[in-house]
Amino acid sequence: MASRVVLLGVLFGVLIPVDMVPVKNSTGVHEGKLRLKRKYSDELMDRDEMTAMDQILEVNSRLRVPTGLPFREGDIAYSYVRSAINCPGNACLWPKSIDGFVYVPYILSPVYDDMDRITIETGMQEISSGTCIKFIPRTHEASFLDIQPRYGCWSFLGQTGGSQTLSLQTPGCMWSGIAAHEFMHALGFVHEQSRSDRDHYVTIVWKNILPEQIHNFRKQATNNLNSPYDYSSVMHYGRYAFSEEGGPTIIPKPDPYIPIGQRDGPSTLDLHKINLLYSCDANE
Ligand SMILES: [Zn+2]
């Protein structure tokens, strides 16, 4: 079993395109209107248009074992915590310090090289620069993120207590926007199109979804924080996520051509929602 996983990792390393270098932030992601109907493989070839989630799903799909991915929604690891963003008593949130900051201790695997570390820390800074979240190297804290290059890009939802693994495989997950995406899961956010109010903003094209992946499109009982639906959230699936034959699985409405998802990093609204969830502007 272990050897098979290693083999997959080696295979992945061979297949990884040469243009995937660390600290990659693309610009001009969405120019013009996307065609609604095209081959998913074409979409994947066009890396400048891939969202963080497209990239994550591509990496994680290579890990597929006969029973399917052991994740919910493609990259959220199962835990006893359910909808973290709406958990009772906010027990799944990272605690706020009396100085107003929310410290998220972490340890980084020594396997990462310098460029990996810069990429991951850039993802942290993209969140911390616009919020009260501060990622700090762990010293003694009981609860912390254990960031490791396991197989795939994934995280638990919210703070689970104790050591919690957050996987950023290298090189597949080495984009600051992907790191930020997984950190937002660890902060308690589900994917944007899983919001309880998503049906007002997108149409899920059920017939185009791989039958065994339909569960990835369930709505969650989220706390939407009175914030607008955000098509440009780094937490939004791409238009063709889990497509069976290349047709779109998510179509925005009323304008079907609105771009959805991106991989540059947290959107302005993503940061706004973090500030709301963690009451960053409130003095306690
Ligand atoms: Zn995700």
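The structure is a predicted model, in which local features need pLDDT of at least 70 and side-chain atom pairs count only at pLDDT 80 or more, while totals for chains, interfaces and linings use all residues. Residues are numbered from 1 along each chain as its sequence is written.

H191 is located in the loop between α5 and β8; helices (H or I, at least four residues) and strands (E, at least two) are DSSP runs, numbered from the N terminus. H191 is buried because 26 other C-beta atoms lie within 10 Å, where 20 or more make a residue buried, 12 or fewer exposed, and values in between partly exposed. H181 lies in helix α5 and is also buried, with 31 C-beta neighbours inside 10 Å. Residues up to four places away in sequence aside, H181 touches A52, I56, V234 and M235. In an unreviewed UniProt entry, the annotation "binding site" covers H181, H185 and H191; such annotations may be inferred rather than shown by experiment.

Beyond four places in sequence, the contacts of L168 include I120, I147, C173 and A179.

D199 also lies in the loop between α5 and β8 (202-204). D199 is exposed because 12 other C-beta atoms lie within 10 Å.

Definitions and conventions. Contact = placed C-beta atoms within 7 Å.
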